[in-house]
Amino acid sequence: MENGDKVVETVIVGNYVEMETEGKSEGMKSKLSKLFWHGGSAYDAWFSCTSNQVAQVLLTLPYSFSQLGMLSGILFQLFYGLLGSWTAYLISILYVEYRTRKEREKVDFRNHVIQWFEVLDGLLGKHWRNVGLAFNCTFLMFGSVIQLIACASNIYYINDNLDKRTWTYIFGACCATTVFIPSFHNYRIWSFVGLIMTTYTAWYLTIASLLHGQVEGVKHSGPSKLVLYFTGATNILYTFGGHAVTVEIMHAMWKPQKFKAIYLMATVYVLTLTLPSASAVYWAFGDLLLNHSNAFSLLPKNPFRDMAVILMLIHQFITFGYACTPLYFVWEKLIGMHECRSLCKRAAARLPVVIPIWFLAIIFPFFGPINSTVGSLLVSFTVYIIPALAHIFTFRSSSSRENAVEQPPRLVGRWVGSFTINAFVVVWVLVVGFGFGGWASMINFVHQIDTFGLFTKCYQCPPPLPPTPPHFNHTRSL
């Protein structure tokens with residue numbers, strides 16, 4: 001095992017010199033740039049994974065708890081957290097396997113960002129590549145859509161002079177500026193700041209709910225309907241399915257083989273934010289959350305809530321960049337701009353990617369229900385089923401297992417244990433996540449369309465107050 005690790009380090013680290021300048025004296029500007037802009041350490045990867053995983057879902061998890069009930073909500077978070085960490089580990093193993101094979105063939109990735117569909121192509125062929133590309137791109141597109149919807153939903157609780165659709169137009173333009181961030185290598189300061197913002201919001205939700213106390217006549221009737229139960233479960237499936245960008249984050253690392261346990265550690269931290277906040281909000285408001293998918297809508301307006309809203313807005317801008325950057329790479333490769341050295345040319349070439357995302361956010365502004373729909377139909381395949389199957393098929397022969405760069409840990413039972421876990425992941429997510437979850441979330445999604453309509457101006461906004469009748473002075477003048 002030790003020898004295998006040394007081979008990986010020699011092959012990968014020896015050739016991985018993207019965005020590094022060796023042997024040059026560094027001025028103050030260069031040092032500052034390295035501090036804030038060039039991140040490739042294991043810590044950077046942890047911040048990126050954690051910050052990307054827990055964004056607007058913080059605000060919808062209490063809604064999921066109202067659908068699932070307290071016990072099921074907690075258990076599903078723990079279960080899908082473990083499941084997500086396992087499949088992120090599989091993706092990291094497949095990335096290292098693919099990259100090592102290619103670099104042994106003297107392939108240079110200095111000006112090329114490896115992506116998940118290329119890993120599938122190199123290890124399993126073009127059919128796997130096409131399926132992986134279709135699911136990954138569609139999921140990341142709707143992931144970006146969800147961040148845009150969340151921006152409009154949140155800012156409305158600070159300034160309701162504009163409706164949510166107008167705010168979507170404004171934030172679509174703001175989020176388009178992410179075209180200027182070259183790669184995940186350059187998210188160092190953003191991921192660090194983003195995590196601080198999310199941590200504040202999570203603990204604000206927890207403390208504010210506990211201080212508020214339970215509303216009068218609070219009811220905790222969940223789970224009451226199968227449709228709601230599986231809708232809530234698939235939102236949690238979506239929550240811990242943020243590793244669709246694992247390959248891009250690994251490629252930004254100086255030593256990608258160190259990624260193996262990073263996603264698990266990120267998930268552990270995320271659980272310290274999601275479990276207390278969702279439990280506390282559900283305890284305080286109970287079934288009221290069934291009609292309030294954004295937790296901010298039930299908490300009283302004060303400076304602490306406004307601060308949480310503003311911080312989440314900034315963080316959603318960052319998460320939009322996380323979801324959209326892989327799409328920028330795919331588009332660049334399609335039009336032949338990926339290896340262009342000019343940042344401005346690449347930024348201009350990326351802009352068409354933002355337009356359909358903007359448009360979809362205006363059509364489907366259903367903050368909360370859209371998470372479950374994306375979770376069941378896209379996340380289930382993109383980051384659970386496909387990685388598990390890809391791992392089985394890549395190492396199905398005894399020779400491929402013997403020559404694998406990374407052997408499975410003894411803790412899970414080596415190859416037999418790994419394949420057993422993979423088979424369980426595929427069956428569970430296919431039946432519960434895609435099957436029951438898809439059925440439930442689509443029913444709920446269609447219900448939102450029937451209730452509010454497409455292109456709705458202000459989803460789940462309180463009805464406008466009736467105009468105050470004019471006051472007439474009936475006293476007669478003397």
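Author: E248 is in contact (heavy atoms within 4.5 Å) with V113, I114, Q115, W116, F184, P326 and F329, leaving aside neighbours within four places in sequence. This is a predicted model: local features need pLDDT of at least 70, side-chain atom pairs count only at pLDDT 80 or more, and totals for chains, interfaces and linings use all residues. Residues are numbered from 1 along each chain as its sequence is written, and side-chain values use heavy atoms, with hydrogens and water left out.

E248 sits in helix α11, residues 246-251. Helices are DSSP runs (H or I, at least four residues), numbered from the N terminus.

Now the aromatic rings. Rings of Phe, Tyr and Trp (its six-membered ring) pair if their centres lie within 6.5 Å; planes under 30 degrees apart count as stacked, over 60 as edge-to-face and the rest as tilted. The count by this rule is 23 aromatic pairs. Y229 and F230 have ring centres 5.6 Å apart and planes at 90°, so this pair is edge-to-face. Both Y229 and F230 are buried. Ring pairs link Y229 and F230 into a cluster with F76, F79, Y80, F424, W428 and F436.

Last, the second largest pocket. A pocket is an open set of points on a 1 Å grid over the protein atoms alone, where a 1.4 Å probe fits, with protein on both sides within 12 Å along at least five of seven lines; lining residues have an atom within 4 Å of a point. The lining holds 19 residues, and S85, W86, Y89, L264 and V412 lie nearest the centre. Elements giving two or more residues to this lining are α5 (70-104), α12 (262-285) and α17 (414-452). α5 gives the most, with five residues.

Definitions and conventions:
Buried means under 20% relative accessible area, exposed over 50%, partly exposed in between (1.4 Å probe, protein chains only).
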